Amino acid sequence: MNGTPTDVQATDIAALLSELGYADAPVATALNETFVPAGSRAATALAAGDRIEILAPRQGG
Amino acid sequence: MPDATGPSTTDVSTSGPSTADAGATGPGNTGPGATGPGTTGPGTGGPCTGGPDARGDSAAGDPLLLYGTPVVSRLMLGTALYPSPAVMAAAFRRSGAAIATVSLRREGAPGADGARAGQAFWDLIRGLGVAVLPNTAGCHSVKEAVTTAHMAREVFGTPWIKLEVIGRTDTLQPDPFALVEAARILADDGFQVFPYTTEDLVLAEKLVEAGCEVLMPWGAPIGSGLGLTNLYGLRAIRATFPDVPLVVDAGIGLPSQAAQALELGFDAVLLNTAVAKAGDPPAMAEAFAAAVRAGRLAYLADPMAPRDMAEPSTPVIGQAFLA
């Protein structure tokens, strides 16, 4: 997750966000460098070695 | 000075801002993120009204329209590099800026420093009452930029995207080829693209053909504070695209440089470092607001043409013979 090897129980992205405490947070997700819309998170299964990005609002110029 | 075609926004101003249009096309919740956090912001669905000090920046008869959305301030401000969130908020209030640029970055691991920092920052931005313009800062490829844009549209709930596709890490100048490709992909997908570009006329033409209705040429490299380093190029892009809103984005270090951009006929400026890294960011924000207002007024007032030799301003006729 976000470049750091992370052990999780979740088997899909929606469950992963819940497990990490981001279920209601303003975040967007990508799996293996591909955007996963919010509506597709529950149907997107996770496998060992997947790369997931969880991005949130930050300062920008 | 204005070219022969006069103020570039004349045609825009005659169409007039419409509240209904603004509601339909504004940077509000028109993105696909209706089920996500985008439903709580960032736009109000109406005009970008900015903070309490915004009035007078873009007069009622001189609106700035960006993708059909009336924007009351011609000063757009970044949200990075301030000494504290409170200072950033104060700077926004005194700037009158109606548009804030933001980014997407990795959320912190649970329990670590920075966990849920996104929520805190998002709450702060929403409290400013401004529209957000998400960027794709740091992206070096078409794929990265396009993916980041999709993620930003969902999180921020806006079709607006400040498209940055960086070609060099030292100058942070755009990769023109990747920029055009990414702009075309995003415009075709319903994004309203604000491309960070150079003053190159051919590149500008390709971006317009790709669907960009706003262009944002740089004044100088990001964060350099060098001002408008290619006046000829900026005049040329203004003259070549009289009907396209043009925003000088990046490189502005001083209010006088922002005034100069508006005097040349540019529709707005976007800056961040010049305010955030000033010793007193809120005061500098107000200085920029005044400069942008002065520059726009000067442009609309049709500046005199410069000349090489002196021309007496006091009448010659009637001068006494005292020699």
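Rings of Phe, Tyr and Trp (its six-membered ring) pair if their centres lie within 6.5 Å; planes under 30 degrees apart count as stacked, over 60 as edge-to-face and the rest as tilted. By this rule, B:Y67, B:W160 and B:F194 make up one aromatic cluster. The model is a predicted one, in which local features need pLDDT of at least 70 and side-chain atom pairs count only at pLDDT 80 or more, while totals for chains, interfaces and linings use all residues. Residues are numbered from 1 along each chain as its sequence is written, chains are lettered from A in the order in which they are written, and side-chain values use heavy atoms, with hydrogens and water left out.

Over all chains there are three aromatic pairs. One of them joins B:Y67 and B:F194, tilted, with 5.4 Å from centre to centre and 50° between the planes. B:Y67 lies in the loop between β1 (64-66) and β2 (69-71) of chain B and B:F194 in strand β7 (residues 192-197), so this pair ties together parts 127 residues apart in sequence. Strands here are DSSP runs of E, at least two residues, numbered from the N terminus.

B:Y67 is buried at 9% relative accessibility, and B:F194 is buried at 0%; buried means under 20% relative accessible area (1.4 Å probe, protein chains only). B:F194 also pairs with B:W160: the ring centres are 5.1 Å apart and the planes stand at 55°, so this pair is tilted. B:W160 belongs to strand β6 (residues 160-163) of chain B, 34 residues from B:F194 in β7. B:W160 is buried, as is B:F194.

Charges over rings come next. Such a contact requires NZ of Lys or CZ of Arg within 6 Å of the ring centre and within 35 degrees of the ring normal. B:R153 sits over the face of B:F191, 3.9 Å from the ring centre, and B:K162 over the face of B:Y196, at 5.9 Å.

Key:
Helices (H or I, at least four residues) and strands (E, at least two) are DSSP runs, numbered from the N terminus. Buried means under 20% relative accessible area, exposed over 50%, partly exposed in between (1.4 Å probe, protein chains only).
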